[in-house]
Amino acid sequence: MEEARKQPSCTTSTEAKEILPTENIKTPLQSNARWLRTYKWWFQVAIYILFLLSGQAVGTLLGRLYFDKGGNSTWLATLTLTMGFPMLLPFRFHSSLQNHNADYSRVQQPSVLVLTSIYVFLGLCTAGDSVLYSLGLKYLPVSTYSLICASQLAFNAVFAFFLNAQKLTFFIINSLVLLTISSIVLVIHNDTEDSSNNSKNKYTLGIICTVAASALYAFVLSFTELTCQKILKSKTFRVIIDLTFYESLVATLAIVVGLFASGEWKSLKSEMQDFRLGKVSYIMTILWTGISWQVFNIGCNGLIFKVSSLFSNVISVVGLPVDPVLAVVVFHDKVTAAKVVSLLLALWGFMSYAYQHYLDDLKAKAKRKCPREVTEDSITEI
């Protein structure tokens, strides 16, 4: 009996094998099916990552281009963040023809009232978040704006801890601290190069709005994940498109109300005529900015549904260093020492989170190899 007790939990002895259920023995067909499911999952995640990174980079640069070349309407810039939702109509129509999808049909769907409440709440939060982001982008250089946005990961971790039961390990906390410090470096270093085109008050306002937008954005991500887990209970492409479409629709309606209430709509015609790149470029800038951010929204919500809100935010933060690099090429932003330090801290913070993800993956693989421990009592019964 003493020798048996020394056997590891994943013992391969004849006695241990006899007490393990036969359902744990995988046939070649089951193994292939499992491999295909894993491959399909990683393929979908890769596509959503591509959508998120490309949409974020192009949308940010086009938004900065709008202000640099004569655009001055905060509400119109805000509208471009959500107005691209009509491009989702073909995808919604296609997904509606696939009602036979087993994962979707077998899940009891929430009532229309519950869904409407969720879409309206997320849409209004997105509208407010878009206004804050537009103000930040208006008063800050792209490089400074992008790096401050890294603070959204710290906010997301806090909300994920309370709303999504996210475990905060040492490496995740280390990542949050580094990303927060990377943003504080820029706030403290209010240099004259970054504020040469704007007054110090506007520069400060841009920082405050960007940080507030990051916090609200983090809350929306965590609440979306909570909605997915507790209410929608489905991770199909149809659910992702529906959520993105209706959330953007509500946000767009709210922003249009703000555009007309503020009176900025009266100056849009003259703004288009005075745009330094011409009328056609003005329209194309607005159009492609809207499309870019809608691509970003699909990627963002897709990663939330497939993985988690924190993972989606981490990928977004990974793409932030791309924006300052492109801004140096496109807008000739100056690379200061503070921006370099902030960028390095942000990358260090991401690597810390990536290492934690690596450890979690190793742990998950270990559990799959030993799906059911042989307890001491069960061995004693032999």
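The following legends describe an overall view and several close-up views of a predicted model of one protein chain.

**Figure 1. Overall view of the helical protein chain.** The protein chain contains 18 helices and zero strands. Of its 382 residues, 45% count as buried. The accessible surface of the chain comes to about 20200 Å², and carbon and sulfur atoms account for 66% of that surface.

**Figure 2. Confidence of the prediction along the chain.** The average pLDDT of the protein chain is 77, and 75% of the residues score at least 70. Among the elements of the chain, helix 14 (residues 279-306) has the highest mean pLDDT, 92, while helix 18 (residues 376-381) has the lowest, 39. Over residues 11-23 the pLDDT stays under 50, and the model has 11 contacts beyond four places in sequence for this stretch. Residues 373-382 likewise stay under 50 in pLDDT, and for them the model has 14 contacts beyond four places in sequence.

**Figure 3. The salt bridge between D68 and R64 in helix 3.** The structure holds one salt bridge. In this salt bridge the side chains of D68 and R64 meet, with an N to O distance of 2.7 Å. Both residues belong to helix 3, and because D68 and R64 are four residues apart there, about one helical turn separates them. Helix 3 itself spans residues 28-68. The side chain of R64 also reaches the backbone oxygen of L140, at 2.7 Å.

**Figure 4. P141 in the loop between helix 7 and helix 8.** P141 is found in the loop that lies between helix 7 (112-139) and helix 8 (142-148). With a relative accessibility of 14%, P141 counts as buried, since the limit for a buried residue is under 20%. Although P141 and Y203 are 62 residues apart along the chain, their C-alpha atoms are separated by 9.4 Å.

Figure 5. T289 has its place in helix 14. Its relative accessible area is 3%, so T289 is buried. When neighbours within four places in sequence are left aside, the residues in contact with T289 are G59, L62, G63 and T80. Helix 14, which holds T289, is the element with the highest mean pLDDT in the chain.

**Figure 6. The covered residues of helix 15.** Helix 15 covers residues 309-319 and is mostly covered, with 10 of its 11 residues buried. The buried residues of helix 15 are S309, L310, F311, S312, N313, V314, I315, S316, V317 and G319.

Figure 7. V158, F161, F162, L168, I173, V177 and I181 make a nonpolar surface patch of about 620 Å². The elements that give two or more residues to this patch are helix 9 (152-163) and helix 10 (170-188). I173, one of the patch residues, lies in helix 10. The relative accessible area of I173 is 41%, so this residue counts as partly exposed.

Figure 8. S262 lies in helix 12, which runs over residues 237-262. Its relative accessible area is 38%, so S262 is partly exposed. The side chain of S262 reaches the backbone oxygen of L259 at 3.0 Å, and also the backbone nitrogen of E264 at 3.4 Å. S262 and W75 are 187 residues apart in sequence, while the distance between them in space is 8.4 Å, C-alpha to C-alpha.

**Figure 9. L343 in helix 17 and its distance to L147.** L343 has its place in helix 17, which comprises residues 337-369. At 23% relative accessibility, L343 counts as partly exposed. L343 and L147 are 196 residues apart along the chain, and 7.0 Å separates their C-alpha atoms.

Terms used: Residues are numbered from 1 along each chain as its sequence is written. This is a predicted model: local features need pLDDT of at least 70, side-chain atom pairs count only at pLDDT 80 or more; totals for chains, interfaces and linings use all residues. Side-chain values use heavy atoms; hydrogens and water are left out. pLDDT is the predictor's confidence in each residue, from 0 to 100. Contact means heavy atoms within 4.5 Å. Patches are made of residues with over 30% relative accessible area and no salt bridge: like charges are joined within 9 Å, nonpolar side chains (Val, Leu, Ile, Met, Phe, Trp, Tyr) within 5 Å. Accessible areas come from the Shrake-Rupley method with a 1.4 Å probe; for residues, only the protein chains shown count as cover. A salt bridge is a side-chain nitrogen of Lys or Arg within 4 Å of a carboxyl oxygen of Asp or Glu. Buried means under 20% relative accessible area, exposed over 50%, partly exposed in between (1.4 Å probe, protein chains only). A polar contact is a pair of N or O atoms within 3.5 Å; within protein, one must be able to donate a hydrogen and the other to accept it, and residues adjacent in sequence count only if both atoms are side-chain atoms.
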